[in-house]
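Subject: Structure handover

Hello,

Here is the structure you are taking over. My notes on what was found in it follow below.

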Amino acid sequence: MVMKLRTKASYVAVNFAMEQANSIFMLFGLWYMTDIALLSTGLAGTVAILYRIWDALNDPVVGYFSDQTHSKYGRRVPWMFWGTFPYVIAFLLFWSTPSGSQAWLFIFFLLVQCLLDGGYTSIYVPHISLLNDLTTDYTERFLINILRFVAQLLGSGSAFVAAALVFSIVNNPKTQFFVLAILICCVYAPCVFWCCYECKGIHTETRQAAIKPQTFAETMRNVVKLFKVKEFVIVFFQNGCCTVACQASIHVLPYLLINYMRLNATQLIVCILVTEGCGVVAASLLLTFGKDVPKRTLFFFGTSAWLSFYLCLPFLTPSNWYMIYPFAIVLGIGVATSQMIPISFVTDLGDYVDLALGRRMEGIIFAVIHCGFKIGVGIALLIFELLLHFVGFVPQGKNLINAGGSTDVVLPPLELAVERALRWYTFFVPGLLVIVAILMNKYNPICDAEPPTQVPIGILWYRKQAPTSHEATTTQRRKPALV
């Protein structure tokens with residue numbers, strides 16, 4: 001079944017809206033807690049790991065129940081619709097800049113981020129699982145995943161443009177982020193509701209009739225079995241390394257560029273926009289030529305460009321700050337390419353697991369992968385905040401988020417220990433994860449099929465034999481060898 005244009009548009013619109021909120025939260029969230037809300041770095045790191053543990057636990061639960069949901073609107077749509085309300089409320093609360101003791105700030109940010117992530121998971125996991133319900137065509141999935149990534153880049157870019165405008169109009173640092181949050185929520189909710197309207201009931205009859213109900217205990221046993229499927233294990237770690245490296249880098253950027261490089265808010269946003277713009281160019285090239293080039297080659301090219309950014313990073317100093325812009329160009333091309341390919345691997349996994357275990361369980365697959373990288377990001381951020389706390393980091397950036405990020409405000413140089421901590425953490429942690437992803441790329445079996453379709457023979461055979469039946473045994477499903 002080919003997706004209608006408006007269905008595709010509504011589906012990728014959710015990625016646009018979600019990335020608007022995610023970009024602001026990932027770039028400024030940790031820095032906002034320490035420099036604006038004045039929560040200590042040690043407590044901020046503890047909040048990061050605790051809420052991500054909760055985050056990791058709720059992913060499989062949402063994945064399980066969304067797989068088992070039966071309604072006239074489909075399996076995924078009700079979750080996306082109702083998850084929007086707690087997300088919007090929590091997002092506004094987070095940027096409301098509370099005041100109080102360190103204990104109160106710690107409890108407030110922990111509870112709000114748990115609510116925020118509960119709503120986010122209720123939207124994200126069903127949304128990414130929805131694609132397998134909308135189409136079974138591999139080429140269409142690959143192209144939609146690229147469109148999703150383009151939408152994410154545009155959403156991120158538009159959020160940073162909005163941030164620059166708000167920073168130039170609103171003078172109070174505490175008010176700036178709350179106004180920006182209101183603008184983002186005014187886009188977020190309508191995009192999710194539009195997708196729910198366009199996708200309600202699609203494939204409900206064929207998919208839900210074919211899927212046998214499964215208890216939670218049986219689902220947990222299947223989660224264990226997932227790690228015996230070679231394709232899943234490799235994609236789990238490869239996608240996880242890329243995602244943790246990317247998010248860890250984004251969270252550290254305000255500290256690196258504002259506190260260490262002593263750039264202002266406008267320069268930070270321009271740097272991000274350069275990265276996003278190059279990512280859009282890379283995504284456009286993939287849309288045009290991606291079907292004719294093996295995914296393994298594309299991924300190696302992207303991660304190599306990305307790795308070159310980390311290799312040059314130790315040589316970046318406040319005296320040659322202008323070099324951050326060519327570095328941003330390389331980073332944008334590399335991250336865009338190396339992030340889009342693993343995403344397409346994840347959506348293909350549903351068929352590989354179906355072939356191996358005899359069951360459709362996209363919600364659980366995406367939830368487990370999402371759960372893994374959230375724990376990884378939480379650990380990476382905890383290490384970073386504890387490192388800053390250990391070397392005696394003192395928040396200095398509060399005055400830089402002012403009217404337009406005025407260049408009149410100059411921060412004093414960081415202490416040598418803090419400077420080294422910022423530079424070498426950014427080099428070692430994300431850089432080593434990218435190297436691991438490059439090494440695992442060699443063994444990814446999803447890359448083995450020849451272009452342009454890159455569809456394993458076994459899955460094509462299975463679809464011809466029983467495109468909607470889920471009663472075949474695992475032995476029957478494994479009859480043809482994968483290419």
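Helices H9 and H14 run roughly antiparallel to each other, since their axes make an angle of about 160 degrees and angles over 145 count as roughly antiparallel. Please keep in mind throughout that this is a predicted model. H9 covers residues 230-260 and H14 covers residues 416-441, and their axes are 9 Å apart. The crossing of H9 with H14 is left-handed. Sorted by class, the residues of this contact are 19 nonpolar, 4 polar and 2 charged.

H1 and H6 (residues 173-199) have axes that come within 8 Å and cross at roughly 155 degrees. H1 is therefore roughly antiparallel to H6. Their crossing is left-handed, and the contact divides into 24 nonpolar, 3 polar and 3 charged residues.

Next, the aromatic rings. With ring centres required to lie within 6.5 Å, the count comes to 30 aromatic pairs. I have written out two of them.

Tyr32 and Phe94 have their ring centres 5.6 Å apart and their planes at 40 degrees, a tilted pair. Tyr32 belongs to H1 (residues 5-36) and Phe94 to H3 (residues 77-94), so this pair ties together parts that are 62 residues apart in sequence. Tyr32 is buried, at a relative accessible area of 0%, and Phe94 is buried as well, at 1%.

The other pair is Trp82 with Phe85, where the centres are 5.9 Å apart. Trp82 and Phe85 are 3 residues apart in helix H3, which means about one helical turn separates them. Trp82 counts as exposed, with 60% relative accessibility. Phe85, at 38%, counts as partly exposed.

One ring also has a charge over it: the charged end of Lys200 sits over the ring of Tyr197, 3.9 Å from the ring centre.

Leu38 is not a glycine, yet its phi is positive, at about 65 degrees. Leu38 is placed in the loop between H1 and H2 and is partly exposed, with a relative accessible area of 45%. Thr97, also a residue other than glycine, has a positive phi near 50 degrees. Thr97 lies in the loop between H3 and H4 (102-134). The relative accessible area of Thr97 is 11%, so Thr97 counts as buried.

Last, where is Ala48 found? Ala48 is in helix H2, which spans residues 41-68. Ala48 is buried, with a relative accessible area of 4%. The C-alpha atoms of Ala48 and Gln113 are separated by 8.8 Å, while the two residues are 65 apart along the chain.

To recap the helix contacts, H9 crosses H14 in a left-handed sense, and the crossing of H1 and H6 is left-handed too.

Regards

Methods. Residues are numbered from 1 along each chain as its sequence is written. This is a predicted model: local features need pLDDT of at least 70, side-chain atom pairs count only at pLDDT 80 or more; totals for chains, interfaces and linings use all residues. Side-chain values use heavy atoms; hydrogens and water are left out. Rings of Phe, Tyr and Trp (its six-membered ring) pair if their centres lie within 6.5 Å; planes under 30 degrees apart count as stacked, over 60 as edge-to-face and the rest as tilted. Helices (H or I, at least four residues) and strands (E, at least two) are DSSP runs, numbered from the N terminus. Buried means under 20% relative accessible area, exposed over 50%, partly exposed in between (1.4 Å probe, protein chains only). A charge sits over a ring if NZ of Lys or CZ of Arg is within 6 Å of the ring centre and within 35 degrees of the ring normal. Axes are lines fitted to C-alpha atoms, for helices over the stretch in contact, and angles run from 0 to 180 degrees between N-to-C directions. Angles under 35 degrees count as roughly parallel, over 145 as roughly antiparallel, 65 to 115 as roughly perpendicular and the rest as oblique. A crossing is left-handed if the near helix is turned anticlockwise from the far one by less than a right angle, and right-handed if clockwise. Ala, Val, Leu, Ile, Met, Phe, Trp, Tyr, Cys and Pro count as nonpolar, Asp, Glu, Lys and Arg as charged, and the others, Gly among them, as polar.
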